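Open the model in your viewer and keep the selection panel at hand. The stops follow below.

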Amino acid sequence: MKKTKRIFALICLVIIVVAAVKLVPLVVEYLSGSVYSGEPVEVDVAMGATVSDVASQLEEMNIIKSKYTLMLKYKLNASDYDNISYGTHLITEGMSIDEIIKALTVSTAPTNTVTVSIPEGYSIEMIALKLEECGLCSFEDFISEVQHGDFDHEFIKYIPDGNYKYKLEGFMFPNTYEFYEDASAHDIADKLLGTFEQEYEKYFSSYDKMFEIVTTASIVEREAVLDSERATIAGVIGNRISKDMLLQVDATVVYAKSAGRYDMTQVTYADLEVDSLYNTYKHKGLTPGPICNPGIKSIIASAKPESHSWLFYHTDEEKKDGSHIFTENFDDHISTMN
């Protein structure tokens, strides 16, 4: 019995020691008057970034030892701080956690900028039109840059050669951006691609299956209305491919027929005959490449599709809330439309 107590006491001691080893540096950093000892460094805070996002960013940049010290400091002293401000912030040697937070709350957004919101599901053509409407660059300049521009992002190496319309379709990440009024088409495209890389790396450790995932996600993005159905629709796509069935997704036809502008109000039977590799009523498997630029929710859903036996779905016309009715066979698919 005494031996058991000694072992238990030893285990407790070990736990306390381990906890102390991990916690003491964090406490020291929290209380320290100087936590950063490197060269002056600029921190780019994205629009909409949370305190957690920024704290993680600072930890990755080795500005702070642990994101939790900054998060705790901010939370416990929230009344002392303004909101984190997007833009570029300068962190210099000798700054404390408190000083770093205050530096991050100072607005640095330039006045000669244009804010552009790019929704999930926009194609490259739709983005080009939006940029032209905002007075940033012409439709033609952006399309030309997408087709011929030289971009240095690691994930681009993992886009295979193919018969896609645009190699970079699917990788122009939808978000709200702030651009200088004189930003070039290259600068804008590079920012969108860089944001994709940043967001993708938050959830995935490898680019090996990226192209297939993003291509699936682009179809899911155009088909799903409810977040709760994204993984379900991704599962249907996977099931149909595994059974060597045509996907028969209207959105792929619209992409082909509308030159990526998605400005069609309906799809006719004649449209289903369009001669395009993107027409999933004619060609099995996924489209040659993405049919739009999906958001992160569709990308995650396509990487982890729901496991089920459904092969068909259609809009629930009774609910009219964007939800779908899923079925296992064609007869049920037709009967639920009535």
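Select residues 17–21. Here pLDDT (the predictor's confidence in each residue, from 0 to 100) stays under 50. The model has one contact beyond four places in sequence for this stretch, contact being heavy atoms within 4.5 Å.

This is a predicted model, in which local features need pLDDT of at least 70 and side-chain atom pairs count only at pLDDT 80 or more, while totals for chains, interfaces and linings use all residues. Residues are numbered from 1 along each chain as its sequence is written, and side-chain values use heavy atoms, without hydrogens and water.

Now colour everything by pLDDT. The protein's mean is 88, and 89% of its residues reach 70 or more. Helices (H or I, at least four residues) and strands (E, at least two) are DSSP runs, numbered from the N terminus.

Go to H8, residues 210–223.

Show the surroundings of H8. Twelve of its 14 residues are buried, meaning under 20% relative accessible area (1.4 Å probe, protein chains only). The partners of these buried residues include helix H7 (185–203), helix H9 (230–242) and strand S5 (312–315).

Last stop: Thr-216, in helix H8. Thr-216 counts as buried because its relative accessibility is 9%. Which residues does Thr-216 contact, leaving aside neighbours within four places in sequence? Ile-237, Leu-286 and Ser-302. Thr-216 and Ser-302 are 86 residues apart in sequence, yet 6.1 Å apart in space, C-alpha to C-alpha.

Methods: The expected span of a helix is 1.5 Å times one less than its number of residues. Buried means under 20% relative accessible area, exposed over 50%, partly exposed in between (1.4 Å probe, protein chains only).
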